[in-house]
Amino acid sequence: MKLEEEIKQSKFETERQKAILNVIYTANWIGSVQHKIFKKHKLTSPQYNVLRILRGKFPDPLTVSSIQERMLDKMSNASRLVDKLVEKGLAERSTCMYDRRQVDVVITTTGQKLLKEIEPELLDFHNSEMVLSEKDAAAVNEALDKIRG
């Protein structure tokens with residue numbers, strides 16, 4: 001459905017304004033679908049993001065500050081998110097061998113299994129709802145990268 005129909009607005013000041021609103025609206029729409037998937041697994045989107053970051057570096061640990069740097073939402077509190085994941089048994093933290101002031105974090109086997117459970121649902125969403133061809137998706141990625149300069 002077109003943005004105009006979704007937000008019931010027929011005119012925009014410029015195509016650029018419409019594009020910005022369209023990106024925001026679409027990001028929120030994607031986020032709400034993903035929220036439903038994560039909620040079934042008792043996760044939030046930022047917790048899922050941290051698990052993916054940890055899996056990407058596994059078996060190497062990451063510090064909380066390294067996790068924060070890699071997060072999609074830079075406003076998230078990585079330390080609090082790690083605490084929640086540790087409580088759930090999805091991540092482990094330990095004192096860094098080289099610097100006792102730092103804390104190392106790794107994903108657990110349980111965390112890895114949870115990601116494997118969630119991935120088919122996300123892939124199904126990507127394949128069924130994201131109707132862009134690979135070429136179109138590449139063009140969108142290029143345009144979004146260009147916006148961020």
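Q: Where is the place of Pro59?
A: In this predicted model, Pro59 has its place in the loop between H3 and strand E1, the latter covering 62-63. The peptide bond that leads from Phe58 to Pro59 is cis, with omega near 10°. Most peptide bonds are trans.

Q: What makes the phi of Lys8 worth a remark?
A: The phi of Lys8 is near 55°, which is a positive value in a residue other than glycine. Most residues other than glycine have a negative phi. Lys8 is found in the loop between helix H1 (3-7) and H2.

Q: Why does Lys8 count as exposed?
A: The relative accessibility of Lys8 is 73%, and exposed means over 50%, so Lys8 belongs in that class.

Q: What is the phi of Lys42, and where is the place of this residue?
A: Lys42 has a phi near 60°, again a positive value in a residue other than glycine, and its place is in the loop between H2 and H3. Its relative accessible area is 67%, which lies over the 50% that the word exposed requires, and therefore Lys42 is called exposed.

Q: Why are H3 and H5 called roughly perpendicular to each other?
A: Helix H3 (residues 45-57) and helix H5 (residues 78-87) pack at an angle of about 80°, and their axes are 10 Å apart. Angles from 65 to 115 degrees count as roughly perpendicular, so the pair H3 and H5 is given that description. On the side of H3, the contact is made by Pro46, Gln47, Val50 and Leu51, while H5 brings Leu81, Val82, Lys84 and Leu85 to it.

Q: How do you know whether Ala78 is buried or exposed?
A: Ala78, which is found in helix H5, has a relative accessible area of 0%. Buried means under 20%, and so Ala78 is buried.

Q: Which residues is Ala78 in contact with, leaving aside its neighbours within four places in sequence?
A: With those neighbours left out, Ala78 is in contact with Val64, Ile67, Gln68 and Met71. Ala78 and Val50 are 28 residues apart in sequence, and their C-alpha atoms are 7.8 Å apart in space.

Q: What makes the meeting of Lys40 and Glu121 a salt bridge?
A: The side chains of Lys40 and Glu121 meet at 2.7 Å, N to O. A salt bridge asks for a distance within 4 Å between such a nitrogen and a carboxyl oxygen, so the pair qualifies. Side chains of opposite charge can pair when their charged atoms come close. The structure holds 5 salt bridges.

Q: Where in the chain do Lys40 and Glu121 lie, and how exposed are they?
A: Lys40 is in helix H2 and Glu121 in helix H6 (residues 109-129), so that the pair, 81 residues apart, links distant parts of the chain.

Q: What does the salt bridge of Asp83 and Arg93 tie together?
A: The side chains of Asp83 and Arg93 meet in a salt bridge of 2.4 Å, N to O. Asp83 lies in helix H5 and Arg93 in strand E2 (residues 91-95), so the pair ties together parts that are 10 residues apart in sequence. Asp83, at 36% relative accessibility, counts as partly exposed, and Arg93, at 32%, counts as partly exposed too.

Q: Which residues make the nonpolar surface patch?
A: The patch, of about 570 Å², is made by Ile7, Ile20, Leu21, Ile24, Tyr25, Trp29 and Met130. Its largest share, 5 residues, comes from helix H2 (residues 15-40).

Definitions and conventions
Residues numbered from 1 in each chain as written. Predicted model: local features only at pLDDT ≥ 70, side-chain atom pairs only at ≥ 80, totals over all residues. Heavy atoms only, no water. Patch = residues over 30% accessible without salt bridge, like charges linked within 9 Å, V, L, I, M, F, W, Y side chains within 5 Å. Areas by Shrake-Rupley, 256 points an atom, 1.4 Å probe, with all protein chains shown as cover. Helix = DSSP H or I, 4+ residues; strand = E, 2+ residues; numbered from the N terminus. Axes fitted to C-alpha atoms, helices over the stretch in contact; angles between N-to-C directions. Parallel < 35°, antiparallel > 145°, perpendicular 65-115°, else oblique. Contact = heavy atoms within 4.5 Å. Buried < 20%, exposed > 50% of the residue type's maximum accessible area, 1.4 Å probe, protein only.
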